[in-house]
Amino acid sequence: MAELIFVLLALALFFALAMNRVSFRTWAVGVAIYTLALQITFGFQLWSFAGWLLAGLLYAAGLPNVKRTYITKPVFGALKGAMPSISETEREALEAGTTGWDAELFSGRPDYSKLRRVAPITLSDEERAFLDGPTEELCQKLDDWRIRHDFHDIPGEIWQFVREKGFLGMLISKEHGGLGFSAQAQSLVLGKISTKSPDGCIIVMVPNSLGPGELIEKYGTDQQKAHYLPRLAKGAEIPCFALTGPFSGSDAVSMRDVGVVTKGVHAGVETLGIKLTWDKRYITLAPKASLLGLAFRLLDPDNYLGQGEEVGITLALIPTDHPGVETGRRHLPSGAAFPNGPTRGRDVFIPLDWVIGGPDRAGQGWRMLMNCLAAGRSISLPATSAAAAKAVARHSTAYARVRKQFGLPIGYMDGVEEPLARLIENAYGLEAARAVTASMVSAGEKPAVISALLKYLSTARMRESVNDALDIHGGRGICDGPSNYLQSAYQMVPVGITVEGANILTRSLITFAQGALRSHPYLLAEIEALSDEDRARGLDRFETLFDDHRAFLFSNATGALFHNATFGKFATAPVDVGEMTRWWKQLSRASRSFALVADMTVALLGGGLKTKQKITGRMADALAELYLLSSILKRYQDDGRHWADRKVVDFCAKNCLARFDAALRGVIDNFPVRRAAWIMGPLVLPFGVRRPASDKDAKTIVRQALQPGAFRDRLTRDIYTSDDADDAVGLLEVALVKTIANEEAEKKLERAIRKGEVQRFHDRDWIKQAEEKGVLTSEEARELADLHELVARVIAVDDFPPEDPGRNARSGQNDGPSNQHLAAE
């Protein structure tokens, strides 16, 4: 019995010391005390020499000279050429933005108080009034079908409305004539507009994201701010920003657009300026823009600016009517109607004071862009992606409850239930992540890693949701026309996947490869110490960092083993989270595992990390699931812990953790250093991967969402909705409410049809027949007749005259089915 107690004490001592990142000396004291206790209990034994020897070695390892000679120097020498190098553009990207919750997840021991301090969705009275007033009014004005099909453009009256109401100046401060809205408000406004017309949303989105307005506000000269910001805020200037070229998409170093500092004539006067030549494409709003923001490489062969010949990437403001500027031609991305096109110029001369921030900001363009992108990428695409997921979830649950086949609402069928559950999960989870991230930006953070992660996560899940919605709608979803509320989202999905960094790049290179350097507590500082040209100084810096990193790695290894072996039972969780305590504990457990695998991945792959993009992509997936789960748990708390939401949180949590485990499994199974993989596997996945949510879990949340009510409204909050039966999505809502209200009468009618008492064919009025035979009361018959007319309209698809397909839709005509008693199936 005593032996068992001491074995358990040994394990407890080992895990306590290892998980708390103690020094070598503390380890030595712990081993010595344990050995002494053994001797007192069992007497002097020969094996006790091993305990004293181990204590002595650990104590010696803690002596500064011994540690430096036998540990730090050899490791420093081995790593000096092995760790990844950091280019100047990479360094500027790494130094841009801020770290926050992402760093906590990388730490393995997240401090939940930091996440809990992020504000819930908070809007000022002015912002809420704008969302409920002008934004709602804009949605009602937007005719998505005519924009996409008839005009292939945004109508002039829409441009005029967004100008007058200040939509183009949400980002610009009130001081300079804008609305000065928070990031949370901008996110919700953009999301709501996108659910009525993605094209209409983009003309509001671009002036309020990375572009001239934000760059001038943050970096412009006083003269540039005074001149441009009020004009941009009121829509007197329409901006675009040109970064991407045919040969320089994500690789800014390869940019071929060039400016040369030289003397030339501007406004009739010889002045020092820049002669520019550029070729850009995919530039949103370029065909309509009056003000072009341009990124280019600046050369100064005569050293006029005193920075040498290669000044670096620079940003300038150029009126599009300036001589030599070419705009107006259009691309048609996915057939969308928003203005997008190329811009070119050859030997265009501009004065130096057109550089954003003036000549002093020459060469700082990449840093400026990265700082703005860290915040901007957190808003626009997550907002529209979350809104799309919420909208198609709302529309699909209504359609699946109204549409019947085989005598059942299709939403009650297992095959349809499966994609409906994914729709609900994505709607809840993406809105949670959107809201948390927007609140971070509203508080002044610039979450560089989180913004990259959320961009690829949200757009990928949006694509999944739109595809699921189309599968559920079948032919109803693929036939375009005025009544199709899914086609515009489907057309726009590839745009979201591609812009602001294509998802393949963002997932495989940016999120983890840069995120590990940005968010890891020691790694970037260690690389800087290793690359220090003064070897002695670098060794001094490295010594302290490596000592802490060693304890960090060992702590996460033992912590991962302990928490995975005990199924997270002893992991940390906030004290006031009630029924969600187990999921917070599982988040802590998963964070330990992630921190260990992340550390091992960077340490062992080193400079080869950039080429192991399948590994880094899976690590990005794992980090994304941690962020998504933490956002979901926070949303549940912020929303007031509604009991009806508990099941959807459970469903999301199970799936997040299953996907997290699968991502780590993929890393370990394919890890190039196989010996390390053999170690990591038992530590982080001792019992294999966790199972996703069950079919029973899916059924529970789907049945909730098929009913009108508070749960469905919270799930799909802050999107465009309607109760007007003449509006395509309003028709769905009216039909859903009426379907629920007449459920019993429909059952009576169905029973009569199955018995042969009533025949349901197009050549007769079967509802009237049911009334005549006493199956239905007159009131029930009247209500069912109204319902069946609504259902016929819900399931109808648009068709057009052969001589002019689609054109009569301008007047809202629809040659589809009109029989008021057309059966739902």
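Let's start with a word we'll need throughout: a residue is called buried when its relative accessible area is under 20%, exposed when it is over 50%, and partly exposed in between, using a 1.4 Å probe and protein chains only. Keep in mind that this is a predicted model, where local features need pLDDT of at least 70, side-chain atom pairs count only at pLDDT 80 or more, and totals for chains, interfaces and linings use all residues. Residues are numbered from 1 along each chain as its sequence is written, and side-chain values use heavy atoms, leaving out hydrogens and water.

With that in hand, look at Phe 130 and Phe 181, both of which are buried. Their rings make an edge-to-face aromatic pair, 5.2 Å centre to centre with 80° between the planes. Here, rings of Phe, Tyr and Trp (its six-membered ring) pair if their centres lie within 6.5 Å; planes under 30 degrees apart are stacked, over 60 edge-to-face, and the rest tilted. Phe 130 sits in helix α8 (residues 125-132) and Phe 181 in the loop between α11 and α12, so the pair links distant parts of the chain, 51 residues apart. Helices (H or I, at least four residues) and strands (E, at least two) are DSSP runs, numbered from the N terminus. Phe 130 and Phe 181 also belong to one aromatic cluster with Phe 161 and Phe 167. For the whole structure, a search turns up twelve aromatic pairs.

Another of these pairs is Phe 567 with Phe 687, which is stacked: 4.8 Å centre to centre and 15° between the planes. Phe 567 is in the loop between α25 (535-565) and α26 (581-605), and Phe 687 is in the loop between α29 (674-684) and α30 (695-705), so this pair ties together parts 120 residues apart in sequence. Phe 687 is exposed, with a relative accessible area of 51%.

Rings can also have a charge sitting over them, which here takes NZ of Lys or CZ of Arg within 6 Å of the ring centre and within 35 degrees of the ring normal. Lys 196 does this over the face of Tyr 720, at 4.8 Å from the ring centre. Arg 646 lies over the face of Trp 643, at 3.6 Å from the ring centre.

Now for a covered helix. In α13 (residues 198-205), eight of the eight residues are buried. Their cover includes α10 (144-151), α12 (183-194), β3 (269-284) and α17 (380-402), where contact means heavy atoms within 4.5 Å.

Last stop: Ser 378, in the loop between α16 (365-376) and α17. Ser 378 is buried, at a relative accessible area of 1%. Leaving out residues up to four places away in sequence, Ser 378 touches Thr 437, Val 441, Pro 447 and Ser 451.
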